[in-house]
Amino acid sequence: MKIIIIGAGQVGATLAENLVGEMNEITVIDSDNETLRHLQDRLDLRVVNGVGSHPDVLKKAGAEDADMLIAVTSSDESNMMACQVAYSLFKTPTKIARVRSEQYIIYQEQLFKHQDVPVDHLIAPEQLVTKAIKRLIDYPGALQVVEFADGKASLVAVKAYYGGLLVGHALSTLKQHMPNVETRVAAIYRRGRPIRPLGTTVIEADDEVFFIAATKHIRAVMSELQKLESSYKRIMIAGGGLIGAGLAKLLEHNHNVKLIEFSQERAKYLSAHLDKTIVFCGDASDHELLTEENVEQVDAFIAVTNDDEANIMSAMLAKRLGAQKAMVLIQRGAYVDLVQGGEIDIAFSPQQATISALLTHIRRGDIVNVYSLRRGAAEAIEAIAHGDQSTSKVVGREIRDIKLPPGTTIGAIVRADEVIIAHSDTKIEANDHVILFLVDKKFISHVEKLFQPSAFFFG
């Protein structure tokens, strides 16, 4: 594919890195020459210096025959304008824009249409992170929750604790413990490295275990690995930006929510616009304020300011003062795994969420979801099987007969409303949603090809 990326910041650069090794022709546009030079030194791609929404710059970047334009600058307006110019002048087939402002997102159904603002796919990082945090609040004790096939199947990461029913037992005994629940362990992260689970693998205390099951069975499987935590009731949020405010709005009717915001003006605004959330103006790393507000009774302390250091410090302080769980927002994606696992339980990266969402729209062969699992334990992919036995490499075949790339396993299949945990004799049918796990992300393009029906298929 010929892809133009506008914006060479963290998201643009990481995206280019992900795509460059997959036989794509990548051109990156940015107004900062120095940033472009560094990028070109590291990666095999073209760079163009200039404003990404200007027609002459887009033409120079090859917009006349580009397959896709991805605008991820820090300006919503620049991203939208670049998509408009690409559509009006160059008829670029697929246009993706990162849009962060709540005002645009609220009206996305009316705004982002071909005849109005021609953006084919809108990526809203704050919205993605807010939903991810909400899922973790819904499953107390989970370290990561990702959904497949419109929420019918879920993959959950939990820490196995001493005394857990499965600790000290091989994975092959899972069925004996839960005869009525179908589940599959997709990955295990142990003592600093991912291990590929086999039937003979024995679960150890402190393993991070990633399992997939029908969403309705998630709590039952979690209870096998750890003592189920009671529902989070008391939530304290540090930071009243888009994520903090969005999260408070989602949680305030079923939880007791307190929100700390440093800006007096913003705190006043939030106080007027949130229904049940108690808003405080102050510094979330102020020992006195946290103590006064009974942080030791808080089930989850969630730091989501735009300052990484402030988030880390306030969350560590809250945890030391007695908060049950500490979650933080980290802008630098590379720091996420360094931070989480000690006093900080979970770290989120808007950049990582954005990259996952972007890759979902870029993949071929009807790849509908791509997730990086916590700590790089594996990549999770949801692909739809199209065609029939003569036009597809997977349809009508048992899993044991499918030539999967090295280190790749099929974990589950969602067929209509049924979630089927995959076994070697499971046969894939047309329109199945197939959930795969890869130890090495370099094989994602192999999975794409596997799920691309031949040219004789007309869907």
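The exercises below, each with a worked solution, go through the domains, the sheets and some single residues of a predicted model.

Residues are numbered from 1 along each chain as its sequence is written, and side-chain values rest on heavy atoms, with hydrogens and water left out. Local features need a pLDDT of at least 70, side-chain atom pairs count only at pLDDT 80 or more, and totals for chains, interfaces and linings use all residues.

**Exercise 1. State into which domains the protein chain is divided, and how far apart the centres of domain 1 and domain 3 lie.**

Step 1. Taken over C-alpha atoms, the centres of domain 1 and domain 3 are separated by 33 Å.

Step 2. The UniProt record, an unreviewed entry, lists residues 1-123 and 232-348 under "domain: RCK N-terminal"; such annotations may be inferred rather than shown by experiment, feature names are shortened, and the positions are given in the numbering used here.

Step 3. Within the span 232-348, 37% is helix and 23% is strand, and the end C-alpha atoms lie 19 Å apart. Helices (H or I, at least four residues) and strands (E, at least two) are DSSP runs, numbered from the N terminus.

**Exercise 2. Describe the open sheet of 6 strands, its edges, and the helices that pack on it.**

Step 1. The order of the strands is E14-E13-E12-E15-E16-E17, and the pairing is parallel, where two strands pair if DSSP finds at least two bridges between them.

Step 2. At the edges are strand E14 (278-281) and strand E17 (346-348), each of which pairs on one side only.

Step 3. On average, neighbouring strands of this sheet are turned by 15° against each other, direction ignored. For such angles, axes are lines fitted to C-alpha atoms, for helices over the stretch in contact, and the angles run from 0 to 180 degrees between N-to-C directions.

Step 4. Looking at one pair, strand E13 (residues 256-261) is joined to E14 in the parallel sense over 4 bridges, and Lys 258 stands opposite Ile 278 in E14.

Step 5. Helix H7 (residues 125-138) packs on the sheet and touches strand E12 (234-238), strand E15 (300-303), strand E16 (325-329) and E17, with a direction that makes about 160° with that of E17; contact here means heavy atoms within 4.5 Å. Helix H10 (residues 242-251) also packs on the sheet, touching E12, E13, E15 and E16, and its direction makes about 165° with that of E13.

**Exercise 3. Work out the order of the open sheet of 5 strands, and explain why one side of each edge strand is left without a neighbour.**

Step 1. The strands follow the order E7-E8-E11-E9-E10, and the pairing is antiparallel.

Step 2. Strand E7 (144-148) and strand E10 (193-195) each have a single partner strand, so one side of each has no neighbour in the sheet.

Step 3. From one strand to the next, the twist averages 20°.

Step 4. Strand E9 (residues 183-190) and strand E11 (residues 208-214) pair in the antiparallel sense over 6 bridges, and Ala 187 stands opposite Phe 210 in E11. Helix H9 (residues 218-225) packs on this sheet, touching strand E8 (153-159), E9 and E11, and its direction makes about 150° with that of E11.

Step 5. E8 and E11 pair in the antiparallel sense over 7 bridges, with Phe 211 in E11 as the bridge partner of Val 156. E8 is mostly covered, as 6 of its 7 residues are buried, where buried means under 20% relative accessible area, exposed over 50%, and partly exposed in between (1.4 Å probe, protein chains only).

**Exercise 4. Locate Ala 149 and Asn 294, and decide whether each is buried or partly exposed.**

Step 1. E7 and E8 run antiparallel and are joined by 5 bridges, and Phe 148 has Ala 153 in E8 as its bridge partner.

Step 2. Ala 149 lies in the loop between E7 and E8, and although Ala 149 is not a glycine, its phi is positive, at about 50°. With a relative accessibility of 4%, Ala 149 counts as buried.

Step 3. Asn 294 lies in the loop between helix H12 (287-292) and E15, and Asn 294, also not a glycine, has a positive phi of about 55°. Its relative accessible area of 32% makes Asn 294 partly exposed.

Technical notes:
Domain bounds come from an automatic or database domain assignment.
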